[in-house]
Amino acid sequence: MQLSDIEHHTQFDNFEFIAQQIVEGFITGLHRSPFHGFSVEFAEHRLYNSGESTKHIDWKLFAKTDKLFVKKFEEETNLRCQIVIDTSSSMLFPFGANGLQNKLAFSLYSAAALVYLLRKQRDAVGLSLFSDDLQFHTLARLHPTHIRSLYNQLRSCLLQTQSQTSFNKKTSLAANLNNIAEIVHKRSLVIIFSDFFQEGDYNELFSALQHLKYNKHEVIVFHVSEPQHEELFEFSNRPLKITDMETGEVIKILPNTIREEYSRKVHAILQELQNTCTQYHIDYVKADITKGFEQVLLNYLIKRNKLG
């Protein structure tokens, strides 16, 4: 499933349903792909250990299997995962007629699909949303009420992108990632969705990524992008008026006169980001919003299987 398949705002009401469709379609495709047999087990039970309380034994399952299994609960979670999403105004690009097919919408639906998959795998999940400051944060949990609140928060964030109040929201990537590194449960899997566009020194961002690793977190960086315009600058060669979505600044340009220099500078920044991630053993994934959610789910599962 791709972002373009999610069209009408009437579907905003059920993020869990959309997440389920994304995940089930992905798993069906996975079984037809070279990754057939890849572990996507959903652990709802564990074997009963002799001597422990029989209170939570699943007797219906015992009748079917003749084996004793115990239902798993939140405190028995295998993994704590924190999903971190950049909600600054640059993430609204490209701002189309329906306001859906942009980097932020892609990130929110990807997060919903990950929440669904994590829940099915009995892994605890938390959510952090930030722009210039940390707007929403909750620690990783597994309880159904908590999961529903995450879907509601993702839905609310998407609805807010339809209003003008979503513009002029700047990014403080380094400060927020440093904060999250400290307040998230130690040894969590931290999944970051951002376009990594920011003003100022990128060394502060690289230091914040190092901070996450120093605090023993595993990290996946999903660099959310729309490469045709943001990296290759493939606009038709006519006078353009471009508005900075975070500052409101307007400039007028002729694309052919700056395309080569612009692309060179953007490539250099992104290459340095990728090199930094490699240096700190952080998984870096280019998430092209025109190519569907499979790229996010597959890279998450590869990482999840490595963690055991």
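Axes are taken here as lines fitted to C-alpha atoms, for helices over the stretch in contact, with angles running from 0 to 180 degrees between N-to-C directions. The model is a predicted one.

On this basis, the axes of helix α3 (residues 103-120) and helix α9 (residues 294-307) come within 10 Å and cross at roughly 40°. Angles under 35 degrees count as roughly parallel and those from 65 to 115 as roughly perpendicular; α3 and α9 are therefore oblique to each other. The crossing of α3 past α9 is right-handed. On the α3 side, the contact involves Phe106, Ser110, Ala113, Leu114, Leu117 and Leu118, which meet Gln295, Val296, Leu297, Tyr300 and Leu301 of α9.

Helix α4 spans residues 144-160, and its 17 residues reach 25 Å from the first C-alpha to the last, close to the 24 Å expected at 1.5 Å a residue. Buried positions in α4 are His146, Ile147, Leu150, Tyr151, Leu154, Cys157 and Leu158. Viewed down the helix axis, the buried residues of α4 fall within an arc of 145°, so they line one face of the helix. An α-helix has 3.6 residues a turn, so residues three or four places apart point the same way.

Helix α6 (residues 202-214) contains 13 residues and reaches 18 Å between its first and last C-alpha, close to the expected 18 Å. Tyr202, Leu205, Phe206, Ala208, Leu209, His211 and Leu212 are its buried residues. Lysine 216, which follows α6, has a positive phi near 70°.

How values were computed
Residues are numbered from 1 along each chain as its sequence is written. This is a predicted model: local features need pLDDT of at least 70, side-chain atom pairs count only at pLDDT 80 or more; totals for chains, interfaces and linings use all residues. Side-chain values use heavy atoms; hydrogens and water are left out. Helices (H or I, at least four residues) and strands (E, at least two) are DSSP runs, numbered from the N terminus. The expected span of a helix is 1.5 Å times one less than its number of residues. Buried means under 20% relative accessible area, exposed over 50%, partly exposed in between (1.4 Å probe, protein chains only). The arc is that of the directions from the helix axis to the C-beta atoms. Angles under 35 degrees count as roughly parallel, over 145 as roughly antiparallel, 65 to 115 as roughly perpendicular and the rest as oblique. A crossing is left-handed if the near helix is turned anticlockwise from the far one by less than a right angle, and right-handed if clockwise. Contact means heavy atoms within 4.5 Å.
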